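Keep the structure open and turn it as we go.

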Amino acid sequence: MNKTHPQRNGDVATFGSTESSGKRVNRLCTAPNNRTGFLCDDRVTCVPASWVCDRVSNCRNGEDEQEQLCGDLPHSLPGYLVFYCSNPRSWVYADQRCNGMNDCGDCSDESWSLAACPPCGQEWWSCSPVHFEFCSCIPRRLCRDGIQHCLGWSDEFLCPA
Ligand SMILES: [Ca+2]
Ligand SMILES: [Ca+2]
């Protein structure tokens, strides 16, 4: 019952010894759904940015959770994994930029020039959302569900079912 990931013992030390002279290898990669990702030691597994330092080992040897990477967030993360919100004290993971969700809290990761997101895709309906979780479009599955999601009710009256 009380076992907590005993296999993780020593992971950090093991990883440290495989790194040469402390120089950071470039681990930028593209995870499924075009998300910005972090490349594991196996050079095959690409973990989405927001899975790095989430306290779950996603790389085989847990290199996505190593102290060197997670010790001082977000500064300990390589820049390509981080997106700074319009309030520079707030940050989100790079794969949370332009994912449709209001992760910064002020939508600067979705609709401001800072984020430079493409327009709403096929799966989205463009409107001013009334709910805080979306920014400039809502998922089409929320259209015609009897609940107002757009300021002008276009999700209930204009959005094709
Ligand atoms: Ca992880
Ligand atoms: Ca987002």
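Start with Cys29 and Cys46, which form a disulfide with their sulfur atoms 2.0 Å apart. Bear in mind that this is a predicted model, so the geometry here comes from a prediction. The torsion about the S-S bond of this pair is about 95°, so the disulfide is right-handed. Now look at where the two ends sit: Cys29 is in strand E1 (residues 28-31) and Cys46 is in strand E3 (residues 46-48), so the bond ties together parts of the chain that are 17 residues apart in sequence. Both Cys29 and Cys46 are buried.

As a reminder, strands of a sheet pair through backbone hydrogen bonds, either parallel or antiparallel.

Follow the pairing strand by strand. E1 and E2 are joined antiparallel over 4 bridges. Leu28 has Phe38 in E2 as its bridge partner, while Thr30 is partnered in E2 by Thr36. The two strands make a hairpin with 3 residues between them, and Asn33 in the turn has a positive phi of about 65°. Moving on, E2 and E3 run antiparallel and are joined by 3 bridges. One of the residues to look for is Leu39, whose bridge partner in E3 is Cys46, the cysteine that is also bonded to Cys29. E2 and E3 form a hairpin too, with 6 residues between them, and in this turn Arg43 has a positive phi of about 65°.

Next, find Cys40 and Cys59, another disulfide, with sulfur atoms 2.0 Å apart. What is the handedness of the link of Cys40 and Cys59? With -80° about the S-S bond, the link is left-handed. Cys40 lies in the loop between strand E2 (35-39) and E3, and Cys59 in the loop between E3 and helix H2 (67-70), so this bond ties together parts that are 19 residues apart in sequence. Cys40 has 0% relative accessibility and therefore counts as buried. Cys59, at 3% relative accessibility, counts as buried as well.

Cys40 and Cys59 also take us into the largest nonpolar core, which has 12 residues. Both cysteines belong to this core, and its other members include Phe38, Val47, Leu69, Leu77 and Tyr93. Leaving aside residues up to four places away in sequence, Leu81 touches Gly37, Phe38, Ala49, Val52, Val92, Tyr93 and Ala94. Apart from this core lies another one, of 8 residues, among them Phe134, Leu142, Cys143 and Cys150.

Cys120 and Cys137 form a disulfide with their sulfur atoms 2.2 Å apart. At -100° about the S-S bond, the link of Cys120 and Cys137 is left-handed. The pair connects distant parts of the chain, 17 residues apart: Cys120 is in the loop between strand E5 (91-93) and strand E6 (124-126), and Cys137 is in strand E7 (residues 137-139). Are the two ends buried or exposed? Cys120 is partly exposed, with a relative accessible area of 29%, whereas Cys137 is buried at 11%.

Time to zoom out. The structure holds 9 disulfides, including the ones we have visited. The protein chain has 3 helices and 7 strands, running α-β-β-β-α-β-β-β-β-α from the N terminus on. Of its 161 residues, 37% are buried. Among contacts between residues at least 6 apart in sequence, 28% join residues at least 24 apart.

Finally, a word on confidence. The chain averages a pLDDT of 87, and 85% of the residues score at least 70. Over residues 1-22, however, the pLDDT is below 50, and this stretch has 16 contacts in the model beyond near neighbours in sequence. Where pLDDT is low, the predicted coordinates should not be read in detail.

How values were computed:
Residues are numbered from 1 along each chain as its sequence is written. Chains are lettered from A and ligands numbered from 1 in the order in which they are written. This is a predicted model: local features need pLDDT of at least 70, side-chain atom pairs count only at pLDDT 80 or more; totals for chains, interfaces and linings use all residues. Side-chain values use heavy atoms; hydrogens and water are left out. A nonpolar core is a set of buried Ala, Val, Leu, Ile, Met, Phe, Trp, Tyr and Cys residues joined through side-chain atoms within 4.5 Å. Buried means under 20% relative accessible area, exposed over 50%, partly exposed in between (1.4 Å probe, protein chains only). Contact means heavy atoms within 4.5 Å. A disulfide is a pair of cysteine sulfur atoms within 2.5 Å. Two strands pair if DSSP finds at least two bridges between them. pLDDT is the predictor's confidence in each residue, from 0 to 100.
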